Amino acid sequence: MRPTRPPQRRPRGSLRGSARIRLRVGFLIIAMVLSVFAGRLVQLQGIDPNSYAAMAAAEGMVQVSLQAERGDILDRNGKPLADSVDGMMVVADPLMTSDKAPELAKFLATRLDLDYFSTLKLLRTSGSRFEYIARRVPATKATDAVDAAERKGFTGIATRPDPIRDYPAGDVAANLVGFMGTDAPLAGLERTFQTQLAGHDGSSRYEVGGGNRIPLGESTIKPAVNGTDLHTTIDLDLQWYTQRVLSQTIEDSNAESGMAVVMDTRTGEILADADAPTFDANHPLEAPDDARGARSLSDAYEPGSVEKVLTLSSLINEGKVTPRTRLSVPGELDREDRPIHDWFPHGLIHLTLAGVIAKSSNIGTVLAADKFAPGQLRSYLTRFGLGQRTDIGVRGESPASCRPTASGHQVQDRIAFGQSLSVNAVQMAAAVNTIANGGVRVSPSLIEGSATTDNGVTVGTDTTTTHRVVSEKAARDMAHMMERVIDPDVGVAPAAAVPGYRVAGKTGTAQRVGTACGCYDGTFTVSFAGFAPADNPASPSTWSSRTPATAAVAVRSRARPSPRS
Amino acid sequence: MSSPAVQFRSRMPRIAEAAVERARLTVVPRRRVRAARVPFVTLVSLVLLGGVIGLLLFNTSMQQASFATTSLEGQASTLSAREQTLRMELDVLRNPQHVAEQARRMGMVTAGSPAFLKLSDGKILGTATPPDPTQNVRIVPPAPAKPPVLNPAPTYVDPPADPSGHSSGHSSGHSSGQASGLVPGASSDGAGHGDGTKNHTGHNNPTSN
């Protein structure tokens, strides 16, 4: 019995143990496994659950940025000065393209008008997985090219959205509209009204399977808010014509630069604002830096004799003189520090006030301006809008300067004939427009309706203000005197005549302060301001339905062009 | 089972016998009504099958719609891109500069001043002047001046005094070989292309020497 028992008991007792022990061991193992699970659960849910949720969501989830379309900049007739077009960038993965680089480069160079060698270099860039091959390509052209390349068996090139800002008119109004850099606007209205034009990008998230959106899958859309169009008062055709005439004038007179502003007499809307030399907004970097701004607002110049219009109309308004007031004008007038001369040598001559304007006599103007009470001229000039920003919505406007008369009698004398004060072309156009508009100054505007700049200033025709500066009679007398400037018999500017129109205007030649020495350096600003039709411009002419308009032109000349004014 | 009932009855008064008789419960054989199982199963399986197939079809049609959406969206974006490209081309075409250049090419000139006819009294206001093509506004800016690299000053070389002196100056047979190669090439080769290449090599060789 003894030898047989132990073999029977051992397998039962020592190998499996009692049921209780087995149960305990089993529970222990289960508890250990469960605690591992619990630990993992705490790790997943307790510590940073969002990153795991995001990873789960990222599987098959697509996030697309919905790009807001940039608002157009339009002229007064709705023709685009700047518009946005769907564009694509063509990008390449050099790791995949380097094998067939020469063939692909040849293909892309012909399809997308690229340079073969630089494309080849990009396609072969070692160690890179992303290269821009072409940017701002019209969408159809880019997708056609890439599809054709894929059909030919090329791999590793793709398209991505890249909106194009197109300036269909090229250099027309480029000085005002400005231009875009790679991502942000760099100048002009594009930059001033960036918030309005840009809009807000939206986004869309949805699940994708095999390139198609999974129906009933998770999907959220935040729609893009497109930018709002900016309507300007510019007339594209007139702006173009003004620019061409201005640049021709500058070439012919071998001048440095010039600006011309055309303004609607009654509403103050700027119809054209040309600068020369200017730049092509589609290729802004090809132009020199100083050609890319709006000179008509940023450059202040001394108006010269054009300013006599403001001096004399103020005098007439005060009742101190009439167009028929006789003045004895000596050949030279000694004032405090230096004598004042006229542009033409003469002895003692007798001129009426109208003759002073027609002949543009400095001495005559100074003698007439002596009738002002101290400070009166300056307050008139301020009411004409000189020395204050016009705030039409263009960046970098110079307020110019209208110095206080306290600095001496000589200065007031010089101001009376347009030196020792500066204006910008839009200010001058608005001031002369006051005469054209029957003595009421209309504040100039460049934006149709109203728009808010990024600085929070609201500008536009809705904020136009008007105030009377001189009486209607004073304005009419002045306009008649200005017509004689154009008169071929007595005036100095018969070339400004337009057959069939009564034109009133005034020329000016002012010595110019050079930037190098800060003194009059022998260069001149030649300017002209005038309006047509001069017969009752405040109401439409009887036989012409043309809009009455005022123009101011200023040209920076290297030398005194002709002894006028 | 019947024995307790028998005992119960024996203890009952006679008067209640009828009522007891009426109230007696007997065990009836359980009547199992077997509803027809087949129609129900068929119905359920049909509903199930219909549901599954319907869901499948619905899902498929949704997928189909999704495919269609994707392709139509692609088509729409292609078409809108096409439209925008065309609009861009149109804007370029109606750009005043382009219109003016076309007009000039067609021989149009800047208009002279018109005269106005008053219908009320037949008076003519102003004088009509014919346009003067020389007064046209220049619409094309002058070409920019070439940098000196691209526009070198011409170099003037005095021709050799006489051909005999030239051949004697170059003593080697090399120059005579060139001369013999140049002359027949320029004179004898009838084909234009052969002529050109010969001339070209003839010009190149002396400069490379």
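Hi everyone. Chain A has 19 helices and 24 strands; helices here are DSSP runs of H or I with at least four residues, strands are runs of E with at least two, and both are numbered from the N terminus. Please keep in mind that this is a predicted model, in which local features need pLDDT of at least 70, side-chain atom pairs count only at pLDDT 80 or more, and totals for chains, interfaces and linings use all residues. Residues are numbered from 1 along each chain as its sequence is written, while chains are lettered from A and ligands numbered from 1 in the order in which they are written.

Let me start with the chain as a whole. Chain A comprises 565 residues, and 44% of them count as buried, meaning that 20 or more other C-beta atoms, placed from the backbone, lie within 10 Å of the residue's own. Two residues are in contact when their C-beta atoms, again placed from the backbone, lie within 7 Å. Among the contacts in chain A with a separation of 6 or more, 71% involve residues 24 or more positions apart.

Now the domains. Chain A splits into domain 1 (64-231) and domain 2 (236-557), with bounds from an automatic or database domain assignment. Their centres, taken over C-alpha atoms, are separated by 45 Å. Each domain of chain A brings 25 residues to the contact. On the domain 1 side, α8 (174-177), α9 (188-192), α10 (194-198) and β11 (230-231) of chain A give two or more residues, and α8(A) gives the most, with four. That side divides into 13 nonpolar, seven polar and five charged residues. For the classes, Ala, Val, Leu, Ile, Met, Phe, Trp, Tyr, Cys and Pro are nonpolar, Asp, Glu, Lys and Arg are charged, and the others, Gly among them, are polar.

β11(A) turns up again in a sheet. Four strands of chain A form an open, mixed sheet in the order β7-β3-β2-β11, where pairing requires at least two DSSP bridges between two strands. β7 (164-166) and β11 of chain A are the edge strands, each pairing on one side only. β2 (73-74) of chain A runs parallel to β11(A), joined to it by two bridges, and A:I73 has A:L230 as its bridge partner.

There is also an open antiparallel sheet of three strands, β5-β4-β6 of chain A. Its edges are β5 (131-138) and β6 (157-161) of chain A.

On to chain B. Here, 28 residues of chain A are in contact with 32 residues of chain B. On the chain A side, β3 (80-85), α7 (139-151), β9 (212-213) and α11 (236-252) each supply at least two residues. Which element gives the most to this side? That is α11(A), with eight residues.

α7(A) packs against α3 (residues 37-93) of chain B at about 125 degrees, their axes 8 Å apart. Axes are lines fitted to C-alpha atoms, for helices over the stretch in contact, and angles run from 0 to 180 degrees between N-to-C directions. The two helices, α7(A) and α3(B), are therefore oblique to each other, as angles under 35 degrees count as roughly parallel, over 145 as roughly antiparallel, 65 to 115 as roughly perpendicular and the rest as oblique. A:A139, A:T140 and A:T143 of α7(A) meet B:T78, B:A81, B:R82 and B:T85 of α3(B). α3(B) also lies across β3 and β7 of chain A, at about 160 degrees to β3(A). Thanks, everyone!

How values were computed
Buried ≥ 20, exposed ≤ 12 C-beta atoms within 10 Å, placed from the backbone.
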